[in-house]
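My entries follow in the order in which I checked things.

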Amino acid sequence: MFAPLGLFKGVVCPEGSHCGLLNCIFLHQEPKILEAEQGPRLDQTDVVREPAEKKRKLVHDHDEQPRNPGPQRQTAKTTAPKEIKDLASARRKVSPPPKTQEKPTKTATATGPSVKRKAPKESLNPRLLKKAPATHSVRSTILLKLHGAMKALNEKMTKLKDPSKASLILTPDELIVMALDEEQKTANENPSVYGNIIKLRIVKLSRMSLEDWEKEVVAHLNARYYKLQPAKPSHPDQKRYTTNLTEDEEIAVARTLHTEIKGKEQFGYITHIPTEAEILEAQKGVEAADGWEKCDRCGGRFQVFPGRREDGALASGGQCTYHPGKVFRPPRKATDHITGGQTEAYFPCCNETVGTSAGCTKADHHVFKVSDPKRLAAILQFEETPANAAKGKNPVTFDCEMGYTTLGMELIRLTAVSWPQGDTLLDVLVKPFGEILDLNSRYSGVFPEHFASAIPYTKTPPPGEAGEGKMRVVDSPAAARALLFDLIDPSTPLIGHAIDNDLNVVRIIHPTIIDTVLLYPHPRGLPIRYSLKYLTKLHLERDIQMGGDKGHDSKEDALATGDLVRVKVVEKAKALKRDGKWPLAS
C-alpha cells in the first residue's frame, strides 16, 4: 500500500516472535532488551533470537556485504546490541556517480549516431490530414506495405551483426515513425499523384541494396532526431540518367522522336508567322480596350498603363489576392453514388476548399497573360529558325522563365544545354520590353537582386572575380533569340517540356522539336498535360523544383527534360533492335 519509511519502528510488533514477515514495519527487539523490560527469561532466548537473526540474514543475503558486520552469533549471556532500525533506504543499493562525458555530437553516420534517440509511441495508422489524398482504408493498405518493405530491409541489416552499424538498426517504434513520416510527406507534397509515387517507392524499397538503405536511414535519423538537413548537391546535374548507348546512337534515335505540331494550333502551338494585317488588327483591339485586362491570378478586371500613368502607377486595382496553387479535384470513386458525391475540390497551397476564400497570397499588382499569336507578334514578330549549315546539328534542350510586365508575360531568362551531355551552352537574364509588374519569382526563380547584380552579356565570360557568382544579362528578348539562333538550325532537334510556351515567348517557329508533353501524353489528351515535376519523379525517381519560394531553376528543368527524352530513346532503341532495324544510319 505504501513504502516502508520506518514510521512504525518505534511500535512493538503485535505478533511479536510469531511475526513471519520478512520486512515488518513494526519494531522487533533483541532478547536482552526484552529482559530489561520484562525480566530474564532464558527459556525464551532461542524462541526470540532465531526469527530476528534469520530475518537479518535474509536481508543481508540481498547485499554483497552486511552493512553493519558484527558477531555472527549472540547468546543470551552476551551484551545486548543497540536497536537496529531496518529502513528500506538502508537496504537500497547506492548507484555509483555518473561518469563525466563529453558533449555528444548530433550526427548520424554509418558507425552510429552519438546522441541517444527516442522514437514517439505511435500505431501503424495513417496520420490525420486536413485534406487526405485518398480514403483511410487506401492509405492504411499503402502504409502497411511501405512499413513491410522497410521492415524487411531492417531485418537484413540486423542479420549482418556488424557492430559498426548497430545504430542503424531501427527499433519497431522507429520503423513505424519512419513509415508514417514518409507516407505523410508524400500525401502533403504530392496529393494529386500520391498513389503512383508511394507505389513506386514501395517497389524501389523492395529492390534496394543495403548500402542505399543505410543512406536512407541516416537521412531519416538526421532529419527526425538530430534536426540536420541533408547536404544539398552542389550542382543540379549530379544525378543524371544513363544509357548503354553511345552519344551518336542516342542522337540518331532522338531524331526519330521529333513531334509534329501541325494540327495542334488550338493547343497553343504556333506554326505560321502572323501577317501584317493580322498584327494591325490586334493593335486596334488593344487600343480599343484602353488597357483593360483580365487578371491571370484572381480573374478580376483591371487596367494596365504601359509607360506608366501620370501618377507613376503601372496598373489599377491595388493588391491582388489569389491562390498560387492550382485547384486539385479529387478523382471520382465508385462509391460516390452511395455517399452522395465526391470530395470537394480544394487549393493545395492552403488546403482551402474552392469558394471559401478569395485567396491566401497577396501581390502588389494584378497581372495578365497574352496568348493570341497576333498580339504576341505586335510586341515582337515571330521568326523561323534561319538555315546555316555551319551551325551545330546535335540536339539542344532549352527552358525559359517568364515574368509579368505591362505587355503581358515576357521572357526574363533563357537557358540552353547540349543534349545528351547536359553542358551549358547559354544562360542569360533578359530585360523585357514592358515595365515589370511581377517577376513571378515563386516559379521563375528570378529575383530583383539578380538583375541588380547582373553584368552585360559578352561571348567571352569576364575573367577572375569580375563575373563570379553573377549572371549575365541581354537587353531584350530579340537579343536572347539571336543568341539561341547561333546554336541551332532548322534540322537541330529542339527539346523542351510544354515547348509551345518557350517557343512563343521567344517568338520562334522551329520545324524540328521534341516535346516531352507529347512524348508522355495524358490519357485524356490535350490540353491536359502532365507536369515536368511529376514526370521526373515518376520516370527518373528524381525530385526537382524543390526550392519552395525560391522558385525553379531553368537549368535543372532543362536537364530533367533532356533525361526524360533519353528514357524514351532507350525504349525506342529496344523496339528497333527487336524489329531488326538496328543500328540506325547516322
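Entry 1, strand pairing. I began with strand E8 (residues 396-405), which runs antiparallel to E9 and is joined to it by ten bridges; I keep in mind throughout that this is a predicted model. Looking for a specific pair, I found that phenylalanine 398 has alanine 416 of E9 as its bridge partner. The two strands E8 and E9 form a hairpin, with two residues between them.

Entry 2, the other partner of E9. I then followed E9 to strand E10 (residues 424-430), where five bridges join the two strands in an antiparallel arrangement. Here threonine 415 has aspartate 427 in E10 as its bridge partner. The hairpin of E9 and E10 has five residues between the strands, and in it I noted that glycine 422 takes a positive phi near 85°.

I asked how many of the residues of strand E9 (residues 408-418) are buried. Eleven of the eleven are, so the strand is largely enclosed by the rest of the structure.

Aspartate 553 forms a salt bridge with arginine 413, and their closest N and O atoms are 3.9 Å apart. Because aspartate 553 lies in the loop between H17 and H18 while arginine 413 lies in strand E9, the pair ties together parts that are 140 residues apart in sequence. Aspartate 553, at 27% relative accessibility, counts as partly exposed.

In helix H17 (residues 532-540) I listed the buried residues as Leu532, Tyr534, Leu535, Thr536 and Leu540. These buried residues pack against helix H6 (194-206), helix H16 (516-519) and helix H18 (554-578). After H17 comes glutamate 541, with a positive phi near 55°.

The structure holds 21 salt bridges, and I looked up several. Glutamate 183 and arginine 139 meet through their side chains at 2.8 Å, N to O. Glutamate 183 lies in helix H5 (residues 172-189) and arginine 139 in helix H4 (residues 136-160), so this pair ties together parts 44 residues apart in sequence. Both glutamate 183 and arginine 139 are buried. For arginine 201 and glutamate 216, the side chains meet in a salt bridge at 2.7 Å, N to O. Finally, I noted a network of salt bridges that links Glu250, Arg542, Asp563 and Arg566.

Key. Residues are numbered from 1 along each chain as its sequence is written. This is a predicted model: local features need pLDDT of at least 70, side-chain atom pairs count only at pLDDT 80 or more; totals for chains, interfaces and linings use all residues. Side-chain values use heavy atoms; hydrogens and water are left out. Buried means under 20% relative accessible area, exposed over 50%, partly exposed in between (1.4 Å probe, protein chains only). Helices (H or I, at least four residues) and strands (E, at least two) are DSSP runs, numbered from the N terminus. Two strands pair if DSSP finds at least two bridges between them. Contact means heavy atoms within 4.5 Å. A salt bridge is a side-chain nitrogen of Lys or Arg within 4 Å of a carboxyl oxygen of Asp or Glu.
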